[in-house]
Amino acid sequence: MSAATGRTPVAATSPVKQVRGLSRVRHSDPDGELMARLARGDQLAAAGLVRRHLPRVANLARRMLQDASEAEDVAQDVFLRLWKVAPQWRSGEAKLETWLHRVALNLCYDRLRLRRRRETSLDPDGHEPIDPAPGAAQTVLARQRARRVERALADLPERQRAAIVLCHYQDCSNVEAAAALEVSVDALESLLARGRRALRAALSQEAADLMGDADG
Amino acid sequence: MGSSGDGLAMSRERFRILAEAFGSDVRRWPGEVRSAAARLIEDEPDFTGAILAREAALDEALDAVALPSPSADLERRVLASAPAWAAPASTARRCARSAWRPAGGLAAAAAAGLLVGYFGMAAAAPASEAADVADLAWAIDVGDASSWSVE
């Protein structure tokens, strides 16, 4: 029960809770104007928000799930939720990008949990690899290296992976990433350090194994 | 876990911890420690250089995983899912409010035909969506109408 309202807090994955939770801190949000226009029924504002945020939301989901189709479903779902909360959005009280990241991560966690429950969690050799950007001139070695890194990322605990994806790939600040993960900045730092340490160990071991194979 | 503000010297240990968390590019480090880190890099290039080189190797490995842009089809589908709010925001909010109230409100909104998108979404959505709809109802009920305004 919330002492302030006397009501039971809403579920952790709720966008509404996220709007309300984030509203404790005032933010200067570059998306405030677009959200205001969207709430007034401006379709062009919806298009602007999609152009601005869809690539990052889709990339976040893809890096978390390593499955293009599931990532697209998550991206769609994130925007469905955005359309729903738009009329109540209070500009300046929550940063839209942080909210989008948080919702996307929670949807990814749900799917990862479902995978585990179905006992079809990421098979190192079975999950769909992230394809390189079209036209990118990648050598076979570079592709192999990317696959190894993907595998190592997939093997990380979810929250460590999310911390690395937010800070390294999404270029979030420590404050933004911590808000998206709903942890303190110190906890974020710990997640990042543990995740990177585990990645380094996994990649070093794999490199050693490969060298061993080559020697043998 | 302490932080080194710009006015304070950074210890070697703190530098190592930050590098292990945020990587080799000091521009990615928390803003409040960057100046102190830059000073330590200048003062102790061998120590800091060895740490940053190790982290740079990992950063480079991470950068090896490139992503294609989302498909145009995804953008089209997401845009198609945007609600067709032809009415001004105040009307939309009024209708939304009535929709989340018990039966009478639902019937009125459905009759107005303004929440077809919402219903479609709720029907097609996963189970967790139901909780969101409930949360939305809760938020609207407890909120004063003026609090929905986007100033």
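Author: Let's start with one idea: a residue is buried if 20 or more other C-beta atoms, placed from the backbone, lie within 10 Å of its own, exposed if 12 or fewer, and partly exposed in between. This is a predicted model, where local features need pLDDT of at least 70, side-chain atom pairs count only at pLDDT 80 or more, and totals for chains, interfaces and linings use all residues. Residues are numbered from 1 along each chain as its sequence is written, while chains are lettered from A and ligands numbered from 1 in the order in which they are written.

Reader: Is Asp29(A) buried, partly exposed or exposed?

Author: Look in chain A at the loop between helix H1 (15-22) and helix H2 (32-39), where Asp29(A) sits; helices (H or I, at least four residues) and strands (E, at least two) are DSSP runs, numbered from the N terminus. Asp29(A) has 19 C-beta neighbours inside 10 Å, so it counts as partly exposed.

Reader: Phi of Asp171(A) is positive, so is the residue buried, partly exposed or exposed?

Author: Most residues other than glycine have a negative phi. In Asp171(A), phi is near 55 degrees, and the residue belongs to the loop between helix H7 (158-169) and helix H8 (174-181) of chain A. Because 12 other C-beta atoms lie within 10 Å of it, Asp171(A) is exposed.

Reader: What value is phi of Glu182(A) near?

Author: You can find Glu182(A) in the loop between H8 and helix H9 (185-215) of chain A. With 15 C-beta neighbours inside 10 Å, Glu182(A) counts as partly exposed. Glu182(A) is a residue other than glycine with a positive phi, near 60 degrees.

Reader: Moving to chain B, how many helices are there?

Author: Reading along the sequence gives the pattern α-α-α-α-α-α-α-α for chain B. Chain B has zero strands, and its helices number eight.

Reader: What percentage of the residues in chain B are buried?

Author: In chain B, of the contacts between residues at least 6 apart in sequence, 56% join residues at least 24 apart. Chain B has 151 residues, and the buried share of them is 28%.

Definitions and conventions. Contact = placed C-beta atoms within 7 Å.
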